Structure formats: C-alpha cells, structure tokens
Amino acid sequence: MELLHAGRDDHALRTAALLRRSHPADKELQLAGLLQDIGRMLRPGDGARHAVLAAEAVRPLLGERVARLVRLQAPAPAAGGAGGADRPGEDAEAVATLRQAREAAGASGPDAGVLEDWRPLLELVAAESCRAGNAIGPLGSPRGPITDVR
C-alpha cells in the first residue's frame with residue numbers, strides 16, 4: 001500500500017474501477033489493473049522492463065496469476081520477450097480485457113475512488129494466495145500452511 005500511495009496513479013485506479021464494474025468476480029484481474037505500473041516506481045527510467053519488475057514484485061504476495069496478468073498487460077517487448085512463459089494461454093481473454101480497460105481509463109473515465117478502498121481486496125487475494133500455496137515466500141519457497149515435518 002505504501003508503494004501505491006507513493007506513486008498515486010489515477011490511471012491505474014480508473015483501470016481497476018472499470019474492471020471492478022465489468023468483471024466483479026475476477027478479483028485478481030482488478031488487482032492487475034491497479035498494480036500495472038508499480039514497476040515504474042520500483043526502478044524509474046527502466047521503462048522497457050517495468051511490467052516484468054511489477055510482476056516480480058507482486059508475485060510473492062498475490063500469487064502467480066496476478067503477476068502473470070501484470071506482466072502480460074504490457075506490449076510484448078516490455079513483457080519480457082517471446083517465451084512460452086510470456087504467452088497469455090488460459091488468461092488470453094483476461095489480458096485482452098485488462099489492456100482494453102487500460103486504454104479506456106486513459107480518457108476521463110469513471111470516478112476512480114480512493115486507493116484505500118482497495119486495501120481489503122489486496123488483503124483478501126493475498127490471504128487466498130497464501131492459503132492456496134500459490135504465493136512464494138521471501139526465500140523463494142512456496143508460502144502456504146505450515147506443517148509439522150518431524
């Protein structure tokens with residue numbers, strides 16, 4: 001949240017708001033719209049890799065799907081090249097929807113609301129990702145329920 005507050009991006013807020021209205025059940029898609037440009041804040045001036053940086057930053061907390069959507073919403077060169085891992089696959093429709101919402105948000109769109117409105121959704125998706133074992137911990141190991149292995 002601190003990073004999002006520091007970058008205060010109304011375009012990302014409008015993108016997420018559009019996605020919330022058009023795809024209310026797809027929470028991960030909405031968050032991808034909100035987080036699409038955090039790579040620019042992480043490493044200013046590295047525009048060619050901002051989508052990859054953003055994806056790497058959100059993966060540990062929000063899981064693989066949010067990271068993949070954030071990475072793939074950018075044009076192909078910024079998404080890290082043409083490898084099998086960079087193809088939308090099952091998320092092709094979601095990536096197209098994300099790109100359309102991003103374009104639509106460029107015009108004066110709906111009231112974007114406030115960033116703090118997104119905190120509960122961020123926390124929900126992070127908790128679900130952790131429970132499902134999809135998120136990766138700070139040391140690179142999958143996060144999930146801790147089990148006693150004696």
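Q: Leaving aside its neighbours within four places in sequence, which residues is V58 in contact with?
A: Welcome to a predicted model, in which local features need pLDDT of at least 70, side-chain atom pairs count only at pLDDT 80 or more, and totals for chains, interfaces and linings use all residues. Residues are numbered from 1 along each chain as its sequence is written, and side-chain values use heavy atoms, with hydrogens and water left out. With contact meaning heavy atoms within 4.5 Å, V58 is in contact, beyond those neighbours, with L35, I38, G63, V66, A67 and V70.

Q: Which residues touch the most other members of the largest nonpolar core?
A: A nonpolar core is a set of buried (under 20% relative accessible area) Ala, Val, Leu, Ile, Met, Phe, Trp, Tyr and Cys residues joined through side-chain atoms within 4.5 Å. The largest one here has 30 residues, and those touching the most other members are L31, L34, L35, V58 and L62.

Q: Which elements give two or more residues to this core?
A: The chain has eight helices (DSSP runs of H or I, at least four residues) and zero strands. Those giving two or more residues to this core are α2 (10–22), α3 (27–35), α5 (50–62), α6 (64–72), α7 (92–106) and α8 (119–132).

Q: How many of the nine residues of α3 are buried?
A: Among the buried residues of α3 are L31, L34 and L35. This helix is mostly covered, and its buried residues number seven.

Q: Is D26 buried or exposed?
A: You will find D26 in the loop between α2 and α3. Its side chain makes a polar contact with the side chain of R65 at 2.8 Å. Because its relative accessible area is 19%, D26 counts as buried.

Terms used. Buried < 20%, exposed > 50% of the residue type's maximum accessible area, 1.4 Å probe, protein only. Polar contact = N/O pair within 3.5 Å; in protein donor to acceptor, adjacent residues only side chain to side chain.
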